[in-house]
Amino acid sequence: MNNCLNPLDAFEFTREEIDDAIKNNRLLSMEIEFSTRCNLRCQYCYISEKKHFSGELTREEIRDVILQSKALGARKIIVLGGEPMIYPHVMEMLQFIRGEGFKVELFTNGYQISSEIARLLFDLGVFVVLKMNSRVENIQDALSGKKGAYKNIQEAFTNLKRAGYPGEYGSFGVSSIICQQNINDIPQMWEWLREQNIIPYFEMITPQGRGRTNEWLHVNTHRLKEVFDRLAEIDRVKYNRNWDPQPPLAGIKCLRHQFSCMINSQGDVFPCVGINISTGNIRESKLSDIIRDSEAIQDLRNYRRYIKGPCRDCDKSSHCYGCRGVAYQLTGDYLASDPWCWNNINKQNEIVHLPVAAEQLIPQQAPMRVITKLEKVADRSGEVSVYISNDMLFLREDGFLDETVYLEMIAQAAAALNGFKALGANDKVVEGFLLGAKHLEIFGKAQLGETLTVSIFKDTYYGDFSIIKGKVLRGDELLAQGEVKFWENKGNDT
């Protein structure tokens with residue numbers, strides 16, 4: 001399964017529409033998984049080996065969230081998987097989506113696309129994107145992880161063409177990942193598709209799931225740039241199409257986070273497939289509330305204010321931010337610069353990766369600094385580690401920590417999370433004050449030589465004020481929990 005799944009966004013929506021979506025917390029498109037079941041085992045798939053099929057969305061829940069997206073302004077639904085054609089109610093759902101006036105894109109490996117199904121899809125006006133990574137049988141089968149995949153894909157391709165694709169009411173695309181196994185054939189395949197008026201939708205691998213562990217697929221950045229430049233040259237010379245090569249998609253700009261989101265089969269809302277941070281679940285909250293309250297979604301919608309490192313100062317930053325999925329998967333930070341962008345080849349030392357030492361993030365100096373590293377960042381939450389050393393100010397003579405330090409750990413963890421957001425994003429020192437603490441509960445003691453985890457969550461925020469809930473843990477054992485209230489001068493600079 002590919003990670004960047006919206007081939008026409010850059011051309012369908014105007015800048016004015018996108019700006020309105022940002023300003024008013026609206027959507028223009030939405031991606032959704034009906035199920036993660038699949039008949040193939042693609043070597044680049046974003047899904048890990050462990051799959052969960054229980055608790056997947058019901059038809060009623062799918063219909064409800066689609067209607068919620070419509071109320072937010074969405075005009076297009078992108079259907080992902082797994083393999084959507086395995087889902088037993090796929091045609092019913094596609095008919096529902098089209099009946100509500102949406103455009104619909106269906107990403108499929110061609111499973112069960114018979115002549116009859118191909119015609120039904122065409123008559124329904126579904127934009128089909130067929131996953132085809134190679135026209136060489138053994139390469140396609142190897143990348144799909146199943147012998148016979150090539151023949152099934154070619155049969156689906158033939159059936160779709162005979163049904164009328166591509167046509168006025170049935171657009172047709174082919175999705176391919178660029179990897180070591182097919183890279184030499186990519187330009188020829190690009191031309192083959194262009195000649196048939198089929199949209200070539202070629203992208204870099206996102207290092208996620210099997211796409212991360214199967215490093216033998218990966219292409220070095222210099223070679224990727226050569227391929228992107230070659231495809232741009234082909235389009236310019238042969239087809240009078242002009243575009244500026246940039247990752248992660250050939251010929252297409254990906255700014256999806258400004259106007260879209262992704263719903264997985266369990267109801268979790270992600271900024272996109274590559275940024276697999278849950279910002280909420282539609283079974284617990286309305287989609288509108290999730291989009292409004294998600295710090296990750298809002299940060300990405302206003303990326304020019306918050307993006308870090310060389311991507312921030314790039315002359316393409318008004319229309320490019322690299323691949324946010326690659327940035328998140330490789331650095332742990334969805335606002336980091338894209339390490340695989342060819343413009344950043346010689347700027348790797350400017351890209352921050354988690355974990356980050358606490359002294360880079362908070363003003364406290366030893367021995368008042370009690371946290372060690374910021375380990376993880378998610379939506380309105382994060383984790384820091386605390387190593388209890390013998391020079392820690394709060395260590396008693398008997399080797400145990402004074403239990404009052406637990407609140408200080410939570411407060412410093414919150415400060416570290418705020419400091420990290422500003423790290424490399426601007427030169428302004430972020431002002432902030434701890435206004436108070438409450439509800440401290442202590443359940444256990446910690447001692448010299450132990451490493452603790454402090455987990456925090458921004459439970460409530462309004463303007464510059466926020467309430468942070470924190471837990472101090474030793475492994476799975478809860479030692480303490482409490483709340484701190486912060487004021488932070490966020491300012492209005494862009």
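**Fold, cores and local backbone features of the predicted chain**

His-439 lies in strand E12, which covers residues 432–442; strands (E, at least two residues) and helices (H or I, at least four) are DSSP runs numbered from the N terminus. The structure is a predicted model, in which local features need pLDDT of at least 70 and side-chain atom pairs count only at pLDDT 80 or more, while totals for chains, interfaces and linings use all residues. Residues are numbered from 1 along each chain as its sequence is written, and side-chain values use heavy atoms, with hydrogens and water left out.

Although His-439 is not a glycine, it has a positive phi of about 60°. At 52% relative accessibility, His-439 counts as exposed; the term applies over 50% relative accessible area, buried means under 20%, and partly exposed lies in between (1.4 Å probe, protein chains only). Asn-197, likewise not a glycine, also has a positive phi of about 60°. Asn-197 is found in the loop between helix H8 and strand E6 (199–204), and is exposed, with a relative accessible area of 55%. Most residues other than glycine have a negative phi, and most peptide bonds are trans. The bond from Gly-81 to Gly-82 is cis, with omega near 10°, and Gly-82 is found in the loop between strand E2 (76–80) and helix H4 (90–99). The bond from Ala-366 to Pro-367 is cis as well, with omega near 5°; Pro-367 is placed in the loop between strand E9 (356–357) and strand E10 (373–378).

At the level of the whole chain, there are 16 helices and 15 strands. For 494 residues, a compact globule would have a radius of gyration near 23 Å, and the 24 Å of the protein chain agrees with this; the radius is taken over C-alpha atoms, and the globule rule is 2.2 Å times the number of residues to the power 0.38. The C-alpha trace spans about 80 × 50 × 45 Å along its principal axes. Of the 494 residues, 56% count as buried. The chain exposes about 21200 Å², of which carbon and sulfur atoms supply 47% (Shrake-Rupley method with a 1.4 Å probe; for residues, only the protein chains shown count as cover). Among contacts (heavy atoms within 4.5 Å) with a separation of 6 or more, residues 24 or more positions apart account for 70%.

In soluble globular proteins, nonpolar side chains tend to be buried together. A nonpolar core is here a set of buried Ala, Val, Leu, Ile, Met, Phe, Trp, Tyr and Cys residues joined through side-chain atoms within 4.5 Å. The largest such core has 69 residues, of which Leu-94, Leu-121, Ile-263 and Leu-287 touch the most other members. Helix H10 (residues 221–239) gives the most to this core, with 7 residues. A second, separate core of 38 residues includes Val-384, Val-405, Met-409 and Val-484. Leaving aside residues up to four places away in sequence, Ile-263 touches residues including Met-30, Ile-32, Leu-57, Val-65, Ile-282 and Leu-287.

Val-454 is placed in strand E13 (residues 451–462) and is buried, with a relative accessible area of 0%. Beyond four places in sequence, the residues touched by Val-454 include Val-384, Met-409, Ile-410 and Val-472. The C-alpha atoms of Val-454 and His-89, 365 residues apart along the chain, are separated by 44 Å.

Helix H7 comprises 15 residues (149–163); at 1.5 Å a residue it should span 21 Å, and its end C-alpha atoms are 21 Å apart, which agrees. The expected span is 1.5 Å times one less than the number of residues. The buried residues of H7 are Ala-149, Tyr-150, Ile-153, Ala-156, Phe-157, Asn-159, Leu-160 and Ala-163. An α-helix has 3.6 residues a turn, so residues three or four places apart point the same way. The buried residues of H7 pack against helices H5 (115–124), H6 (137–144) and H8 (186–195), and against strands E4 (127–131) and E5 (172–178). Just after H7, Gly-164 takes a positive phi of about 125°.

Arg-210 is placed in helix H9 (residues 210–213) and is buried, with a relative accessible area of 4%. The side chain of Arg-210 reaches the backbone oxygen of Cys-42 at 2.8 Å.

Notes
A polar contact is a pair of N or O atoms within 3.5 Å; within protein, one must be able to donate a hydrogen and the other to accept it, and residues adjacent in sequence count only if both atoms are side-chain atoms.
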